[in-house]
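Subject: Structure for you to look at

Hello,

Here is the structure I promised. Please open it and keep it in view while you read my notes below.

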Amino acid sequence: VSEVVFASTQTITSTSDVTFDGPGANIVTLNAHEDFGAFVIAAGATVRMSGLTIANAFAANGVNDGDPGQNGGAIRNAGTLHLDAMAFTNDVAGQGQDNNISGVQNRGGDGGKGGAIFNSGTLTVTNSTFNGNRAGKGGWGTLGNGGGGTGGFGGAIANAATMTITN
């Protein structure tokens, strides 16, 4: 198994059509080492990925008091995304930020949705696996006054648009 370590702490953003064609998910792993989310597919872009594993991609946590965690640990898709023979392992959506403003009733930030993928575009998944992916945790509310943020949903995929899955 070969491992490709992202040398940057930047998420790869695709605004145009592109194909990532790997030799097999059991051969090449794109490992984000829990530093950042791997890919953002912009509206209008068509991206095809095959034969790769995306592992340990973490979407950003909320930054300010009560901020939500970012969606899509490995991929945030607003375009058209085709996945074939892919593997997603231990990818995590962002955690909601705690709310520590005292004397105010503020709730914690909601957890991010879609541990591996958050889809708001068109998503097609074929012959792919998802293992150990998690939605983000909600943040704590103000002590004694605010409620905690809602945990995210969709450990593997959170879908807000059009999705087809076949195996």
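Start with a rule for rings. Two rings of Phe, Tyr or Trp count as a pair if their centres lie within 6.5 Å. Planes under 30 degrees apart make the pair stacked, and planes over 60 degrees apart make it edge-to-face. By this rule the count is two aromatic pairs. Bear in mind that this is a predicted model.

The aromatic pairs

Take Phe20 and Phe39. Their ring centres are 5.2 Å apart and their planes stand at 65°, so this pair is edge-to-face. Phe20 sits in strand S3 and Phe39 in strand S5, so the pair ties together parts that are 19 residues apart in sequence. Phe39 has 4% and counts as buried.

Now take Phe88 and Phe130. This pair is stacked, with 5.0 Å from centre to centre and 5° between the planes. Phe88 belongs to strand S10 (residues 87-89) and Phe130 to strand S13 (residues 129-131). Phe88 is buried, at 0% relative accessible area. Phe130 is partly exposed, at 24%.

The sheets

Look next at an open sheet of five strands. Its order is S2-S5-S8-S11-S14, and the pairing is parallel. Strand S2 (12-14) and strand S14 (157-159) are at the edges. Each has a single partner strand, so one side of each has no neighbour in the sheet. From one strand to the next, the twist averages 10°. S2 and strand S5 (residues 39-41) run parallel and are joined by three bridges. Phe39 turns up again here: in S5, Phe39 is the bridge partner of Ile12.

Another open sheet of five strands has the order S3-S6-S9-S12-S15, again with parallel pairing. Strand S3 (18-21) and strand S15 (162-166) stand at its edges, each with a single partner strand. Here the twist averages 5° from one strand to the next. S3 pairs with strand S6 (residues 46-50) over four bridges, in the parallel sense. Thr19 has Arg48 in S6 as its bridge partner.

Find Met163 in strand S15. Met163 is partly exposed, with 32% relative accessibility. Beyond its neighbours within four places in sequence, Met163 contacts Asn119, Leu123 and Ile157. Met163 and Val125 are 38 residues apart in sequence, yet 7.9 Å apart in space, C-alpha to C-alpha.

Best wishes

Note on methods
Residues numbered from 1 in each chain as written. Predicted model: local features only at pLDDT ≥ 70, side-chain atom pairs only at ≥ 80, totals over all residues. Heavy atoms only, no water. Pairing = 2+ DSSP bridges. Helix = DSSP H or I, 4+ residues; strand = E, 2+ residues; numbered from the N terminus. Axes fitted to C-alpha atoms, helices over the stretch in contact; angles between N-to-C directions. Buried < 20%, exposed > 50% of the residue type's maximum accessible area, 1.4 Å probe, protein only. Contact = heavy atoms within 4.5 Å. Phe/Tyr/Trp six-rings, centres within 6.5 Å; stacked < 30°, edge-to-face > 60°.
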